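Please keep the model in view while reading.

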Amino acid sequence: ALSDAAAAEAARAPFSVPAESGRHGNPANRAAAANKLAAADDDVVAVAAPSLPSHHPLGFGAPPFRLQRIQLASNGLSDAGVEALCLAGLSSGCLAFVHALILCDNRIRGTGCPSLGACLAAPHGMPRLVELSLSLNRIDDDGMRTVVGPLTRPPKSQLAAPHQAGPLRLGWGAALPWLSALRLDSNRLSERGIKALAKALAGGAMPRVTALDLAGNRFGDDGL
């Protein structure tokens, strides 16, 4: 769910964030959302990702098509597919306008997590991300540490609002400054993974998170 402030910003934006209901959102809303990417397997992602329109990270030469929502839930996507997608984003800036990355119910384990963490932390990766869903995967503590580790010491980041289309204002700021929903339920996280996430949050990453789902993991009292 979005906070009131984030919802108001989204309402003023040239695109809207589809309303979500339940763990993975309303299927009707997902089907109607514009600018989606779907794939059947890692091979499709590996072929398609490098062909996504590039976007200069400072806003110059932006293409008429801006990818805003990536919906790859329940596709059997593994670490190789995640790595291909994130490397394309890092190399071309094609994910700079993405505000929702839905990778739930796949086969993501750990080897794709370093690329995901690097893309999330990079100023030209996904600076406008509002929603990240990694639910129902196989991410363990080491995988979680490589996802959130780069966020602990935020780089020089782009502080544009998710809907801002013009040149981005640069400055020292938190990693993933617009993220409001983080879904990590039904993975394989124990106390070590939760502590890594807590360290990133305490270090200033993801300052606007209002929805954090950790249900169905393996941590106990020490994790809390």
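A residue is called buried when its relative accessible area is under 20%, exposed when that area is over 50%, and partly exposed in between, with a 1.4 Å probe and protein chains only. Helices (H or I, at least four residues) and strands (E, at least two) are DSSP runs, numbered from the N terminus. The model is predicted: local features need pLDDT of at least 70 and side-chain atom pairs count only at pLDDT 80 or more, whereas totals for chains, interfaces and linings use all residues. Residues are numbered from 1 along each chain as its sequence is written, and side-chain values use heavy atoms, with hydrogens and water left out.

The protein chain has 224 residues, of which 49% are buried. Its secondary structure consists of 7 helices and 7 strands, and from the N terminus these elements follow the order α-α-α-β-α-β-α-β-α-β-β-β-α-β. Contact here means heavy atoms within 4.5 Å. Of the contacts in the protein chain with a separation of 6 or more, 84% join residues 24 or more positions apart.

The pLDDT is the predictor's confidence in each residue, from 0 to 100. For the protein chain it averages 74, and 61% of the residues score at least 70. Residues 154–160 stay under 50, and the model has 33 contacts for them beyond four places in sequence. The pLDDT is also below 50 over residues 165–172, a stretch with 24 contacts beyond near neighbours in sequence. Where pLDDT is low, the predicted coordinates should not be read in detail.

Because 7 of its 9 residues are buried, H5 is largely enclosed by the rest of the structure. The buried residues are Cys113, Ser115, Leu116, Gly117, Cys119, Leu120 and Ala121. The buried residues of H5 pack against H4, strand S2 (100–102), strand S3 (131–133) and H6.

Two packed helices are described by the angle between their axes and the distance between the axes. Axes are lines fitted to C-alpha atoms, for helices over the stretch in contact, and angles run from 0 to 180 degrees between N-to-C directions. Angles under 35 degrees count as roughly parallel, over 145 as roughly antiparallel, 65 to 115 as roughly perpendicular and the rest as oblique. A crossing is left-handed if the near helix is turned anticlockwise from the far one by less than a right angle, and right-handed if clockwise.

Helix H4 (residues 79–92) packs with H5 at an angle of about 30 degrees, their axes lying 8 Å apart. H4 is therefore roughly parallel to H5, and H4 passes H5 in a left-handed crossing. On H4 the contact is made by Val82, Glu83, Cys86, Leu87 and Leu90, and on H5 by Ser115, Leu116, Ala118 and Cys119. For residue classes, Ala, Val, Leu, Ile, Met, Phe, Trp, Tyr, Cys and Pro count as nonpolar, Asp, Glu, Lys and Arg as charged, and the others, Gly among them, as polar. The contact of H4 with H5 then has 7 nonpolar, 1 polar and 1 charged residues.

H5 (residues 113–121) also packs with helix H6 (residues 141–152), at about 20 degrees and with the axes 8 Å apart. These two helices are therefore roughly parallel to each other, and H5 passes H6 in a right-handed crossing. H5 contributes Cys113, Pro114, Leu116, Gly117, Ala118, Leu120 and Ala121 to this contact, while H6 contributes Gly143, Thr146, Val147, Pro150 and Leu151. The residues divide into 9 nonpolar, 3 polar and no charged.

H6 in turn meets H7, where the axes come within 9 Å and cross at roughly 10 degrees. H6 and H7 are therefore roughly parallel to each other. Asp141, Asp142, Met144, Arg145, Val148 and Thr152 of H6 face Arg192, Gly193, Ala196, Leu197, Lys199 and Ala200 of H7 in this contact, which has 5 nonpolar, 2 polar and 5 charged residues.

Individual residues complete the picture. Lysine 195 belongs to helix H7 (residues 191–202) and is exposed, with a relative accessible area of 51%. Aspartate 222, in the segment after strand S7 (211–213), is in contact with Glu191 and Lys195, leaving aside its neighbours within four places in sequence. Leucine 214 also lies in the segment after S7 and counts as buried, at 17% relative accessibility. With the neighbours within four places in sequence set aside, leucine 214 is in contact with Leu184, Asp185, Ile194, Leu197 and Phe219.
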